[in-house]
Amino acid sequence: MSSDDKRKLFVMVVCIDKLGNEAAAERQKYLMDHFKYIEPIMDEVLVAGPIFAEDNETIIGSTFIYKTADKKVAKELLEADPYFKANIWAKIEYHTFRGAIGDAVGGKAY
């Protein structure tokens, strides 16, 4: 991994579910559609997955780290997701992100 690759910027998206059982039901209803959408774009994603409540069982949101520094591109990717279309998220935040340490950057990138 080159020094430039280690200092690459990404867009991290944090999505927090709406409160109540409706969001959880919609999340379950669209789970397979979500997987069908995300699998073909896996090359665009560094990592993604659910966010859990304190019980480590209840899903309360989703996080995506897209392999782009362009928030517009990340927004387009997210808005094409069936979960977005199902309107399960109460809050969505887009943040530019650079990994400084860890496996994704080959150890350390500073």
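These legends accompany several close-up views of a predicted model.

**Figure 1. The whole chain, to get your bearings.**
Before zooming in, take a moment with the overall fold of this predicted model. The chain is built from five helices and six strands. Starting at the N terminus, these elements follow the order α-β-α-α-β-β-α-α-β-β-β. Along the principal axes, the C-alpha atoms fill a box of roughly 45 × 30 × 20 Å. The chain has 110 residues, of which 27% count as buried. Among contacts with a separation of 6 or more, 68% are between residues 24 or more positions apart.

**Figure 2. A buried salt bridge between Asp 17 and Arg 27.**
Here the side chains of Asp 17 and Arg 27 come together in a salt bridge, with 2.8 Å from N to O. The pair links distant parts of the chain, since Asp 17 belongs to strand β1 (residues 9-17) and Arg 27 to helix α2 (residues 21-29), 10 residues apart. Are the two partners buried or exposed? Both Asp 17 and Arg 27 are buried. For Arg 27 the relative accessibility is 8%, so this residue falls under the 20% limit for buried.

**Figure 3. The surroundings of Arg 27.**
Stay with Arg 27 in helix α2 and look around its side chain. Besides its salt bridge with Asp 17, the Arg 27 side chain makes a polar contact of 3.1 Å with the side chain of Ser 62. Which residues does Arg 27 touch, once those up to four places away in sequence are set aside? They are Asp 17, Ile 59, Gly 61, Ser 62, Tyr 83, Ile 88 and Trp 89. Arg 27 will turn up again in the view of the largest pocket, where it is listed with the residues closest to the centre.

**Figure 4. The largest pocket and its lining.**
This view opens onto the largest pocket, which holds about 350 Å³ of space. Its lining is made of 17 residues, and the closest to the pocket centre are Arg 27, His 34, Phe 35, Pro 50 and Tyr 83. Which elements give two or more residues to the lining? These are α2, α3 (31-38), β2 (45-52) and β3 (59-66). Sorted by class, the lining of the largest pocket comprises 11 nonpolar, five polar and one charged residues.

The side chains of Lys 75 and Glu 79 form a salt bridge, at 3.9 Å from N to O. Both residues sit in helix α4 (residues 71-79), four residues apart, which is about one turn of the helix. Lys 75 has a relative accessible area of 41% and is therefore partly exposed. Glu 79, at 31% relative accessibility, also counts as partly exposed.

**Figure 5. A salt bridge between Lys 91 and Glu 93.**
In this close-up the side chains of Glu 93 and Lys 91 meet in a salt bridge of 2.9 Å, N to O. Glu 93 counts as partly exposed because its relative accessibility is 28%. Lys 91 is partly exposed too, with a value of 44%. How many salt bridges are there in the model? The count comes to three.

**Figure 6. Ala 86 and its contacts.**
Find Ala 86 in the loop between α5 (82-85) and β4 (89-98). This residue is buried, with a relative accessible area of 16%. Ala 86 and Glu 26 are 60 residues apart along the chain, and their C-alpha atoms are separated by 6.7 Å. Leaving out residues up to four places away in sequence, Ala 86 touches Glu 26 and Tyr 30.

**Figure 7. Two asparagines with positive phi.**
Asn 56 has a phi near 60 degrees, a positive value. Its place is in the loop between β2 and β3, and at 61% relative accessibility Asn 56 counts as exposed. For Asn 87, phi is again positive, near 60 degrees. Asn 87 lies in the loop between α5 and β4, and with 47% relative accessibility Asn 87 counts as partly exposed.

Key. Residues numbered from 1 in each chain as written. Predicted model: local features only at pLDDT ≥ 70, side-chain atom pairs only at ≥ 80, totals over all residues. Heavy atoms only, no water. Salt bridge = Lys/Arg side-chain N within 4 Å of Asp/Glu carboxyl O. Buried < 20%, exposed > 50% of the residue type's maximum accessible area, 1.4 Å probe, protein only. Contact = heavy atoms within 4.5 Å. Polar contact = N/O pair within 3.5 Å; in protein donor to acceptor, adjacent residues only side chain to side chain. 1 Å grid on protein atoms, 1.4 Å probe; cavity = no way out; pocket = protein on both sides within 12 Å on 5 of 7 lines; lining within 4 Å. Points joined across faces, edges and corners; volume = space filled by probe spheres on them. Nonpolar A, V, L, I, M, F, W, Y, C, P; charged D, E, K, R; others polar.
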